[in-house]
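Me: Please take a close look at the aromatic rings of this protein and at the part of the fold around them. I would like one connected account, with each term defined where it is used.

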Amino acid sequence: MVKLLKLDYRLISSQIIIIICAVLFSFYLGIFREMPTFSVGLLFMMTLIFSTVPFNVSPYYKSCFYNMLPVSTTKRVLSRYCYLLVNIVLSTILSFTIIYCVSQRTYLNSAMTYYKIVFIVSILCFSLCSLQYVIYYKIETIRNQQFAIWFRLIPAFALMLFVNIFSDKTAYILTFSSYLIVILFCISILLLLICITLSIHINKHRKN
């Protein structure tokens, strides 16, 4: 699994400059421009896009690297979901850091509300990517590059719009919505188990 994770991150290493620029831009908007919700939306949009990068590679690369490793189908799928989980955790930590810096630099009202927003957005991003993974495993690889771009960008932009449109309007509602986070978390875990099971089944069926 560790080797597979290294291969996944090796794929996005060529775009590390874009990732670093997006992270720095998010910190700039969040801390110096006092736009924490926009920064959070931008971070998770980037996470959703780059979490699907390993699926958008040529079959030649997969056959030469991924399929040559003596790893079972279950571990192969689980490693991809671990890759997703690591990306979500990193984005969540960065979002918490931005909000904390904003709250220390300026007087940010109800900072805890923004922490709750980050939790909800991270859960939604994780669920969206889990569903996307099932689709990607089903079609194996997207050879139509134009379709691949839209298939990655539309959910990402939708998530960012959700953060920026509804986060401020629902700030007071989220103050009393700790149970909502727990419910969403339980649903996301159940959805994750279903998606992993479907992904393993699809992967095995395709090989047979």
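Reply: The count comes to eight aromatic pairs, where rings of Phe, Tyr and Trp (its six-membered ring) pair if their centres lie within 6.5 Å, and planes under 30 degrees apart count as stacked, over 60 as edge-to-face and the rest as tilted. In the pair of Tyr 9 and Tyr 83, the ring centres are 4.9 Å apart and the planes stand at 65 degrees, so the pair is edge-to-face. Distant parts of the chain are linked by this pair, as Tyr 9 belongs to helix 1 and Tyr 83 to helix 5, 74 residues apart. Helices (H or I, at least four residues) and strands (E, at least two) are DSSP runs, numbered from the N terminus.

The model is predicted: local features need pLDDT of at least 70 and side-chain atom pairs count only at pLDDT 80 or more, while totals for chains, interfaces and linings use all residues. Residues are numbered from 1 along each chain as its sequence is written, and side-chain values use heavy atoms, with hydrogens and water left out.

Tyr 83 has a relative accessible area of 0% and is buried, whereas Tyr 9, at 28%, is partly exposed.

Elsewhere, ring pairs join Phe 55, Tyr 81, Tyr 133, Tyr 136 and Tyr 137 into a cluster. Phe 55 has a further contact: the charged end of Arg 80 sits over its ring, 4.6 Å from the centre. The rule for this contact is that NZ of Lys or CZ of Arg is within 6 Å of the ring centre and within 35 degrees of the ring normal.

Helix 1, which carries Tyr 9, has Leu 4, Leu 7, Asp 8, Leu 11 and Ile 12 as its buried residues. Seen down the helix axis, these fall within an arc of 140 degrees, so they line one face of helix 1; the arc is that of the directions from the axis to the C-beta atoms. An α-helix has 3.6 residues a turn, so residues three or four places apart point the same way. Val 2, Lys 3 and Lys 6 are exposed on the other side of helix 1.

By class, the lining of the second largest pocket holds 10 nonpolar, three polar and no charged residues. Its space is about 260 Å³.

Gly 30, in helix 2, is buried with a relative accessible area of 0%. Its C-alpha atom is separated by 8.5 Å from that of Cys 101, 71 residues away along the chain. Ser 51 lies in the loop between helix 3 and helix 4 (59-66) and counts as buried at 0% relative accessibility. The C-alpha atoms of Ser 51 and Val 86, 35 residues apart along the chain, are separated by 9.7 Å.

Helix 6 (residues 111-139) includes Lys 138, and Tyr 115 lies in helix 6 as well. Tyr 115 counts as buried at 19% relative accessibility, whereas Lys 138 is exposed at 58%. From Tyr 115 to Phe 96, 19 residues apart along the chain, the C-alpha separation is 6.7 Å. Lys 138 and His 201, 63 residues apart in sequence, have their C-alpha atoms 9.8 Å apart.

As for the whole, the protein has nine helices and zero strands. Of its 208 residues, 48% are buried.

How values were computed
On a 1 Å grid over the protein atoms alone, a cavity is a set of points where a 1.4 Å probe fits but cannot get out, and a pocket is an open set with protein on both sides within 12 Å along at least five of seven lines; lining residues have an atom within 4 Å of a point. Grid points are joined across faces, edges and corners, and a volume is the space filled by probe spheres set on the points. Ala, Val, Leu, Ile, Met, Phe, Trp, Tyr, Cys and Pro count as nonpolar, Asp, Glu, Lys and Arg as charged, and the others, Gly among them, as polar. Buried means under 20% relative accessible area, exposed over 50%, partly exposed in between (1.4 Å probe, protein chains only).
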